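Hi,

Here is the structure I promised to pass on to you. Have a look at it first, and then read my notes below with the model open beside you.

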Amino acid sequence: LSDVKLADLYALWQEARAVGLATPNIGLITDIICCPGGDFCSLANAKSIPVAEAIQRRFDDLDYLFDLGEIDLNISGCMNACGHHHVGHIGILGVDKKGQEFYQVSLGGHSGRDARLAQILGPSFAQDDMPDAISKLIDVYVEQRTEDERFIDTYQRIGIDLFKERVYAANH
């Protein structure tokens, strides 16, 4: 939709809104950068789109999303990193383990002025476990953040250990 005239933009937005395609989620956890993954790319090790959709379904309350604030979640289906998982506050990388799709989570990436690469959280997850894993990360953030603190700021302040402990607690 890159060629929409400015004068037609409001009408287009109204039509998109009527069919559920105008969610105001820019900068929120459901505003996911996601490569096409294994559904459309022959280079991918894993599907990305179903993971993004499952996370979006899990976080479907706009009021809660606005309360969470800015969280960059990026998903790549392989090491080519088309989804820029390595610079997401939360990054997800699809990996192949003996012919099966798994997803490695990383935290703390940032693509802004103070750019930095994310740190791998730990062992990868099955596709069905991804919404729960992300929910546990968000729970830690909500419990540990100070007033008006963004996810990335909380992560930088408390580090990776508490996130890791919570996400893997049920798996050990």
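Asp148 lies in the loop between α5 and α6. (Helices, H or I and at least four residues, and strands, E and at least two residues, are DSSP runs numbered from the N terminus.) Phi of Asp148 is near 65°, a positive value in a residue that isn't glycine. For background, most residues other than glycine have a negative phi. Asp148 counts as exposed, because its relative accessibility is 74%. (Exposed means over 50% relative accessible area, buried under 20%, and partly exposed in between, with a 1.4 Å probe and protein chains only.)

Before you go further, a note on the model: it is predicted, local features need pLDDT of at least 70, side-chain atom pairs count only at pLDDT 80 or more, and totals for chains, interfaces and linings use all residues. Residues are numbered from 1 along each chain as its sequence is written, and side-chain values use heavy atoms, with hydrogens and water left out.

The axes of α5 (residues 130-144) and α6 (residues 151-158) come within 10 Å and cross at roughly 80°. That makes α5 roughly perpendicular to α6, the label for angles of 65 to 115 degrees; under 35 counts as roughly parallel, over 145 as roughly antiparallel, and the rest as oblique. (The axes are lines fitted to C-alpha atoms, for helices over the stretch in contact, and angles run from 0 to 180 degrees between N-to-C directions.) By class, the contact of α5 with α6 has 6 nonpolar, 2 polar and 1 charged residues. (Ala, Val, Leu, Ile, Met, Phe, Trp, Tyr, Cys and Pro count as nonpolar, Asp, Glu, Lys and Arg as charged, and the others, Gly among them, as polar.) On the α5 side you'll find Leu137, Ile138, Val140, Tyr141 and Gln144, and they meet Phe151, Thr154, Arg157 and Ile158 in α6. (Contact means heavy atoms within 4.5 Å.)

Which residues of α6 are buried? They are Phe151, Ile152, Thr154 and Tyr155. These cover an arc of only 160° around the axis, so they sit on the same side of α6. Just after α6, Gly159 takes a positive phi of about 80°.

Arg166 lies in helix α7 and is partly exposed, with a relative accessible area of 28%. Leaving out residues up to four places away in sequence, Arg166 touches Lys136, Asp139, Val140 and Glu143.

On to the strands. (Two strands pair if DSSP finds at least two bridges between them.) β1 (residues 33-34) runs parallel to β2, joined by 2 bridges, and Ile33 stands opposite Asn74 in β2. β2 also runs parallel to β3 (residues 90-97), this time with 4 bridges. Here Asn74 stands opposite Gly91, and Ile75 stands opposite Ile92. Within β2 (residues 73-76), Leu73 and Ile75 point one way and Asn74 and Ser76 the other, and all are buried.

β3 is mostly covered, with 6 of its 8 residues buried. How many bridges join β3 to β4? There are 8, and the two strands run antiparallel; the partner of Ile92 in β4 is Val105. β3 and β4 form a hairpin with 2 residues between them, and Lys98 in the turn has a positive phi of about 55°.

Finally, look at the loop between β2 and β3, which holds Ala81 and His85. Ala81 is buried, with a relative accessible area of 10%, and has a positive phi near 60° although it isn't a glycine. His85 is buried too, at 9%. Apart from neighbours within four places in sequence, His85 is in contact with Asn74, Ser76, Cys78, Gly91, Ile92, Leu93 and Ser106.

Cheers

Definitions and conventions:
The arc is that of the directions from the helix axis to the C-beta atoms.
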